[in-house]
Amino acid sequence: MTTKTLKKNTTELINDKKNITLRVAQKRSDIIRCQYLIAERYNKYYKIFFSKDTADLNAKIEPYPHKFLMALHEDELVGVIGLYTHNTYIETFGNVSTGEIKKISHQLTKEKPNTTFVEVTKLVITSKWIGTHLSQLLLGAAFSKTFLSSSVNDSQNIIVGTCAKISVFKHLFTPVGISTHLIKDFPKYKVHELYGTKKNPVQSRLIIPELDVPKQLYDLQIPGTHAIDAVKPGYNLKTNDGTIKISRTKKAPPSKTEATNV
Amino acid sequence: MSNRSRLPVYGVYLDKADRKKPLSHIDFKFNPIDFIAHWQRCGATANYLAEFQAYNFDNRKKVTNIMSTVLNELIENAVKFSADAHQEASISIYNYGETLTLQCVNTTQLKQANKFEAFIKTLMETEVEELFLQQIMSAAEDDHTASGLGLITLKKDFNAKIGAKIVPDTERRLYTIYIKVVLDVNTLESL
Amino acid sequence: MKIETEDYSIETNDQQVIIKGALRLQSPTAYDKPFESIREAITNKQDGLHVDISDLNFLNSSGVTSLARLVLDARKADVGFTLLCSEDIPWQSKTVSSLGKLNPKLTINFK
């Protein structure tokens, strides 16, 4: 019977899925909530502080992102990912030059467009959400046209940089289907002493959204509500446009940490 | 409070002056997250509380400087060593006329509580100038991020009497740390 | 060379280093960058280094640790170190006299 099936599905949805609302922080209160969640997680795990004006990576003082994408569950802020829209981290501290960015993007696109360079950064989730796919949802959503272009009028020709340890690329980027291109290893700073290791070094990488990001994520509706697996491993991101099934790696492990340098 | 006697209490924690009613009293309650998110708030808060107190003194400028130095060290410690950034911490200032008592309360984890207990014992037992030099030398060699020098400086430079109490919260496996700093007003005015 | 923030300034010239304001950074390591020019001066100036802190109203204990390291560095490099302090700033006379025990060649002058 149709009704029975429907009822069963509804129950499953309640048990196994959680609805997450994504929106770009615009109100003052939202921006402060995002800054505080990032500062709290980074301080707890890496003993890092943040500053609006005087970043110093050897002193473990990081710059706050310029834009924030919020993940809310029933109005509670459960995760944040940030964006540097200028003075990016990999340019300021990673010895990555505009020339290098242009050279790599030209090799990939064979075009020489006027580009806007932004950096996806500072993915954090609250403790309760460890083991869910919230990190993957937020990471994927950060590469949406809406978020990447939140500080510019034109969503065309945006190139994205990011900085993370190799395991993060493997366990977060690859499972959601985002390809990355190595720019160079990130120089050694004290700020990463509790993050990267010799075997798992921190790298600066480049992403051309139109080539490297799956269409479902690039066009992801923000603001919008999306369902994620609550606890089960495996991989499903349900957007209001349908389920995204991306499986480049067979087993996408749920996130283990609450803060990553992405 | 049947097991009160078993609580580790150090130094001037139960000071005679505390039994009197303070002439002036201010409590400042805060969540460490505000200071983690914007570090300069430590100094700003210390300055404000110091200026507030200094009106009761003859040399306002000098006392503001001393009080701000003392308060800043206590706030910085509470911010750095709190187990939960959203768990309320506090600073209280009691003016008894001849003495000033400051109390700082924050919660911390077992590891930090043990470290603090070992430190406070050393602070009680060791000559303060010698301890200062020891800390400087060890910090210079080991690059400790928390230099542990704050309370030593308060004792050495401002003749502060220090007390501490560590209260376990078994349910949450946390420890509440009470630090008390007693300053002699005549000493402050004559520095 | 001059580092200037809302809270403090550090000016290094041929004769001396002048530190002003309130220096209350997060940890001793946070002082590495602001004190870099002083460390360089210790390496380069065989004739001695003059550091003027007479307008430095506050230095937290992390900063005291870092200043003490500089005093030790100067001793290792056998470079004279002169600190110009203010009697009006209570922490200075106390802290600085203790630093003298780290380096017998530390000269302390009061304005």
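# Notebook: helix pairs, a loop valine and chain contacts

I began with chain C, where helix α1 (residues 36–44) and helix α2 (residues 61–76) pack with their axes 9 Å apart and at an angle of about 15°. I took axes as lines fitted to C-alpha atoms, for helices over the stretch in contact, with angles running from 0 to 180 degrees between N-to-C directions. I therefore noted α1(C) and α2(C) as roughly parallel to each other, the term for angles under 35 degrees, while over 145 is roughly antiparallel, 65 to 115 roughly perpendicular and the rest oblique.

This is a predicted model, in which local features need pLDDT of at least 70 and side-chain atom pairs count only at pLDDT 80 or more, whereas totals for chains, interfaces and linings use all residues. Residues are numbered from 1 along each chain as its sequence is written, and chains are lettered from A and ligands numbered from 1 in the order in which they are written.

The contact joins C:I38, C:R39 and C:I42 of α1(C) to C:L70, C:D73 and C:A74 of α2(C), where contact means C-beta atoms, placed from the backbone, within 7 Å. Of these residues, four are nonpolar, none polar and two charged; Ala, Val, Leu, Ile, Met, Phe, Trp, Tyr, Cys and Pro count as nonpolar, Asp, Glu, Lys and Arg as charged, and the others, Gly among them, as polar.

I then turned to chain A, which has nine helices and 13 strands, these being DSSP runs (helices H or I, at least four residues; strands E, at least two) numbered from the N terminus. Just after α7(A), A:G177 takes a positive phi of about 90°.

The axes of helix α5 (residues 134–142) of chain A and α7(A) come within 9 Å and cross at roughly 65°, and that crossing is right-handed. Here A:S135, A:Q136, A:L139 and A:G140 of α5(A) meet A:L172, A:P175 and A:V176 of α7(A), a contact of four nonpolar, three polar and no charged residues.

Next I looked up A:V191, which lies in the loop between β8 (181–185) and β9 (202–207) of chain A. Why do I list A:V191 as buried? I do so because A:V191 has 24 other C-beta atoms within 10 Å. Leaving out residues up to four places away in sequence, A:V191 touches A:I48, A:L57, A:N58, A:K60 and A:E62.

Lastly I checked the chain contacts. Six residues of chain B are in contact with nine residues of chain A, and on the chain B side five are nonpolar, one is polar and none is charged. The contact of chain B with chain C takes 27 residues from chain B and 25 residues from chain C, and α3(B) gives the most to the chain B side, with eight residues. By class, that side of chain B has ten nonpolar, ten polar and seven charged residues.

Technical notes. Contact = placed C-beta atoms within 7 Å. Buried ≥ 20, exposed ≤ 12 C-beta atoms within 10 Å, placed from the backbone. Left-handed = near helix turned anticlockwise from the far one by under 90°.
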